[in-house]
Structures are given as structure tokens and as C-alpha cells.
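Here is a short briefing on aromatic contacts and nonpolar packing. Please look over the sequence and structure first.

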Amino acid sequence: MKTKNIYEKYSLEEVADSIVFKNPLSEKEEKESSAELAEVRRKNRESLTDNQKLYAKVLQLRFLMEDYAKSEVYDENRSFASFLKTYIKFSYKVQKKFAEDINLKQTELSLILNEHRLPNEKTIVRLEIHSDNVIPALSWYRVVEKQREYELEQDIKFKQEQKKFVKNHLEFGNAV
């Protein structure tokens, strides 16, 4: 008795579906497999050195910053200061030591962390260097720019004040 070739018996789509979407595990086996995987991941996390754990945290912060900078929504809880506070907490118990390590006056760091001032380019570049380039200056900068963009858009009073400095502005009336 001759058996049919699998491709004679089933269409290509059926073969692909059986490979891609087939779940060969029972519910019990699936739970056991998930528990086994969780245990392996836990053991791997425990075996990481402190430096590897720090690297993972810094990398995770970078991805959070970059995702936020790309998003369309402004979130005041994700300001430059909030990201910087998180970064500092990874390695420092005292902000003064961090300020010293990036050669920034403690008062300036305090103004930045309390959102009274945004950082300048030298501070942003020093953060890149401090993170061993794990968080690029552009990632920090994009978070700052997102904040500045929001503040500019929301500052109606400032826009009104600037009107007195503009003469002969364009008027389109009903052209739009």
C-alpha cells in the first residue's frame, strides 16, 4: 500500500497552518513548561553580576526614554528630571556624589531635578559619557525637546506677550 505524500494530501496553506499554529502541548504540559521557563529565568537573573544588573537597568531606561520620545503623548511624569532621578538611583545614594562625578554644581543638578531648569548640551553629553554610551546624548536630548515642545505649545501667555514684537504679520482670512 502506497502512502500519499503530505503535499498531495494537504494544501500548502494547511501544511503551513499545522506547523505555525499547532500547539502540541496539553494545558498541563503548557503550565509545566511555563513554570520551568520561569525557574530558568529566575536562576539566570540570580547569577548576574551587579554590573550586569546595572547594565540591564540602564539599557531598560534607555528603551523607556526612546519609546516615550517617539510617542505622540506628553506625560509630565516622564520628564527629563524623572528619567535622570531614576538613572541616579541606580548607582548613587547621594546626589552630591553624582554631581561631582559629572562635574556639575550640586545647585544646578538640584535645579534640573526639581524641574526649575532644563539641562544644557554639556550636561547631556556628560550623561552619555557617564553611562558608557549606553544612553546616547540624543536619547536624553529628545526627552528634553519633547518637554520643551509641550511647554511651548501650552504657554498661551508667552505667545500673547510676543505679539507686540511682530508687525505686519500675514493674514489669510478665508484662504484656508
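Which residues form one aromatic cluster? They are Phe80, Tyr87, Tyr92, Phe98 and Trp140. The model is predicted. A search of the whole structure finds 6 aromatic pairs.

**The pair of tyrosine 68 and phenylalanine 83**

- The ring centres of tyrosine 68 and phenylalanine 83 are 6.1 Å apart, and the planes meet at 45°, so the pair is tilted.
- Tyrosine 68 belongs to helix α4 (residues 50-70) and phenylalanine 83 to helix α5 (residues 80-91), so the pair ties together parts 15 residues apart in sequence.
- Both tyrosine 68 and phenylalanine 83 are buried.

**A charge over the ring**

- Tyrosine 68 also has lysine 146 over its face.
- Lysine 146 lies at 5.1 Å from the centre of that ring.

**The largest nonpolar core**

- The largest nonpolar core holds 25 residues.
- Phe80, Leu84, Tyr87, Phe98, Leu109 and Trp140 touch the most other members.
- Two or more residues each come from α4, α5, α6 (95-101), α7 (106-113), α8 (121-130) and α9 (137-154).
- Helix α5 gives the most to this core, with 5 residues.

**Contacts of leucine 84**

- Neighbours within four places in sequence are left aside here.
- On that basis, leucine 84 is in contact with Phe98, Leu109, Ile112, Leu113, Leu127 and Trp140.

How values were computed:
Residues numbered from 1 in each chain as written. Predicted model: local features only at pLDDT ≥ 70, side-chain atom pairs only at ≥ 80, totals over all residues. Heavy atoms only, no water. Phe/Tyr/Trp six-rings, centres within 6.5 Å; stacked < 30°, edge-to-face > 60°. Helix = DSSP H or I, 4+ residues; strand = E, 2+ residues; numbered from the N terminus. Buried < 20%, exposed > 50% of the residue type's maximum accessible area, 1.4 Å probe, protein only. Lys NZ or Arg CZ within 6 Å of the ring centre and 35° of its normal. Core = buried A, V, L, I, M, F, W, Y, C linked by side-chain atoms within 4.5 Å. Contact = heavy atoms within 4.5 Å.
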